[in-house]
Amino acid sequence: MEILLKELTEKMEKSVTALKNAFNKIRTGRANPAILDDINVDYYGNPTPINQTSNISVEEGRSLVISPWDKNLIPEIEKAILSSDLGLNPSTSGDLIRVTMPALTEETRQDYIKQARAEAENSRISIRNVRRDANNSAKDMQQSSEISEDDLRRIEDLIQKETDKFISIVDSDLKNKESDLLEI
């Protein structure tokens, strides 16, 4: 029974982690180094994340400064950022690359909010699927007489409490992301 609940919690935590990663990819008006996490650079023939080839820092809240450890990577990093679908334009000055976050229009903000809501709903669906699987496993245990009917009710109550807890985390994260997107 504890194993079932532990697996349930781990799977739901993975759904929340995936949501947070998805939210990091949704751009806000503020600079956040995590937005570049999924961009890979050709580093001596190997696709390597930018954050493993450079220092990335925030400058003045709206700009990222990328300082590659290998200065020969500057053109590759610029090319990778331009070819990403983030709509960012890097500019090079010496051995630094600056990426200024463009101001979001109201229409863009609403599109990003829709995207964030869709990601949150996908996460909720994932959590509910985990709940369904756990309930089915508990019912199978009761059918095979491993647990009593009273135990089944207790397990289902615990599963529902965990589900409610993780759904509220998703809702809270969505609310925070929406407020970030609406901030000017």
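The expected span of a helix is taken as 1.5 Å times one less than its number of residues. By that standard, helix α3, with 38 residues, reaches 55 Å from its first C-alpha to its last, close to the 56 Å expected. The model is a predicted one.

- Arg124 counts as buried because its relative accessibility is 14%, and buried means under 20%.
- Leaving aside neighbours within four places in sequence, Arg124 is in contact with Ile167, Val170, Asp171 and Leu174.
- Just after α3, Ser145 adopts a positive phi of about 65°.
- Ile147 belongs to the loop between α3 and α4.
- With a relative accessibility of 12%, Ile147 also falls under the 20% limit and therefore counts as buried.
- When residues up to four places away in sequence are not counted, Ile147 touches Ala138, Met141, Gln142, Leu152 and Ile155.
- Ile147 and Ser172 are 25 residues apart along the chain, and 35 Å separates their C-alpha atoms.

**Helix α1**

- Lys11 has its place in helix α1, which comprises residues 2–25.
- The relative accessible area of Lys11 is 44%, so this residue is classed as partly exposed.
- A separation of 46 Å lies between the C-alpha atoms of Lys11 and Gly94, which are 83 residues apart along the chain.

**Strand pairings and hairpins**

- Strands β1 (residues 40–43) and β2 (residues 46–49) run antiparallel and are joined by four bridges.
- Within this pairing, Tyr43 has Asn46 of β2 as its bridge partner.
- The hairpin of β1 and β2 has two residues between the strands, and Tyr44 takes a positive phi near 50° there.
- Strands β3 (residues 54–59) and β4 (residues 63–68) are likewise antiparallel, with six bridges joining them.
- Opposite Asn55 stands Ser67 in β4.
- Three residues lie between the strands in the hairpin of β3 and β4, where Glu60 has a positive phi near 60°.
- Strands β5 (residues 90–93) and β6 (residues 96–100) pair over four bridges in the antiparallel sense.
- In the hairpin of β5 and β6, two residues separate the strands, and Gly94 takes a positive phi near 70°.
- Gly94 is also the residue whose C-alpha atom is 46 Å from that of Lys11.

**The largest pocket**

- The volume of the largest pocket is about 230 Å³.
- The elements giving two or more residues to the lining of this pocket are α1 and α4, the latter covering residues 149–182.
- Helix α4 supplies the largest share of the lining, namely four residues.
- In total, 15 residues line the largest pocket, and those nearest its centre are Phe23, Asn24, Asn32, Lys177 and Asp180.
- By class, the lining contains six charged, five nonpolar and four polar residues.

Definitions and conventions: Residues numbered from 1 in each chain as written. Predicted model: local features only at pLDDT ≥ 70, side-chain atom pairs only at ≥ 80, totals over all residues. Heavy atoms only, no water. Buried < 20%, exposed > 50% of the residue type's maximum accessible area, 1.4 Å probe, protein only. Contact = heavy atoms within 4.5 Å. 1 Å grid on protein atoms, 1.4 Å probe; cavity = no way out; pocket = protein on both sides within 12 Å on 5 of 7 lines; lining within 4 Å. Points joined across faces, edges and corners; volume = space filled by probe spheres on them. Nonpolar A, V, L, I, M, F, W, Y, C, P; charged D, E, K, R; others polar. Pairing = 2+ DSSP bridges.
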